[in-house]
Amino acid sequence: MARDAQLKERWETLVQRLSAQFADGDELDLDGIIYLIGLQELGQLHRSFKKDEKIDLMHIAICRLLEPYGYYEFDFFDEQGWPHYKVKEQLPNLKAGEQSVLMKEAIVAYFLENEYIQ
């Protein structure tokens, strides 16, 4: 199967599964999935978050997702248990469609690594 076709198939499977589990069947978008990954990485699942913390959760997720690509490196956990990353390499300027593909690829790889999908 071609790489793009495999990514598309895995992405659709992932969206369906996450939507059923976390959104009562309403389809999660890319940002919603990134937010879920941030929650997972922080590990503080049973609490409410302020708006700025939700943005921080998405930042954690993006750093974690792009770490295997060499853009970020885990640095430390702060006293509240929040992970911090340092920039290793600046992201290249990508068009919106290219950004979307990179993030979907990274998300699929994350869930494959965690054995949530195959």
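Author: Happy to. A nonpolar core here means a set of buried Ala, Val, Leu, Ile, Met, Phe, Trp, Tyr and Cys residues joined through side-chain atoms within 4.5 Å. Please keep in mind that this is a predicted model.

With that in hand, the largest nonpolar core has 33 residues. The residues with the most contacts inside this core are Leu14, Ile33, Ile37, Leu65, Ile107 and Phe111. Helices H1 (3-22), H2, H3 and H4 are the elements that give two or more residues to this core, and H4 gives the most, with seven residues. As general background, nonpolar side chains in soluble globular proteins tend to be buried together.

Now to your helix, H3, which covers residues 51-66. Its 16 residues should span 22 Å at 1.5 Å a residue, and because the end C-alpha atoms are 23 Å apart, the two values agree. The buried residues of H3 are Glu53, Leu57, Ile60, Ala61, Cys63, Arg64, Leu65 and Leu66. What do they pack against? Their partners are helix H2 (30-42), strand S1 (72-77), strand S2 (83-87) and helix H4 (96-113).

Apart from neighbours within four places in sequence, Arg64 is in contact with Glu41, Tyr85, Tyr110 and Glu113.

The two strands that H3 packs against pair with each other in the antiparallel sense, over five bridges. One of the residue pairings joins Glu73 to Lys86, its bridge partner in S2. S1 and S2 form a hairpin with five residues between them, and in the turn Gly81 has a positive phi of about 90 degrees.

Back in the core, Phe111 is among the residues with the most contacts. Setting aside residues up to four places away in sequence, Phe111 touches Leu14, Leu18, Ile33, Ile37, Tyr116 and Ile117. Leu14, Ile33 and Ile37 from that list also belong to the group with the most contacts inside the core.

For a contrast, look at Phe22, which has its place in helix H1. Its relative accessibility is 47%, so Phe22 counts as partly exposed. Phe22 and Leu36 are 14 residues apart in sequence, and their C-alpha atoms are 8.8 Å apart in space.

How values were computed. Residues are numbered from 1 along each chain as its sequence is written. This is a predicted model: local features need pLDDT of at least 70, side-chain atom pairs count only at pLDDT 80 or more; totals for chains, interfaces and linings use all residues. Side-chain values use heavy atoms; hydrogens and water are left out. Helices (H or I, at least four residues) and strands (E, at least two) are DSSP runs, numbered from the N terminus. The expected span of a helix is 1.5 Å times one less than its number of residues. Buried means under 20% relative accessible area, exposed over 50%, partly exposed in between (1.4 Å probe, protein chains only). Contact means heavy atoms within 4.5 Å. Two strands pair if DSSP finds at least two bridges between them.
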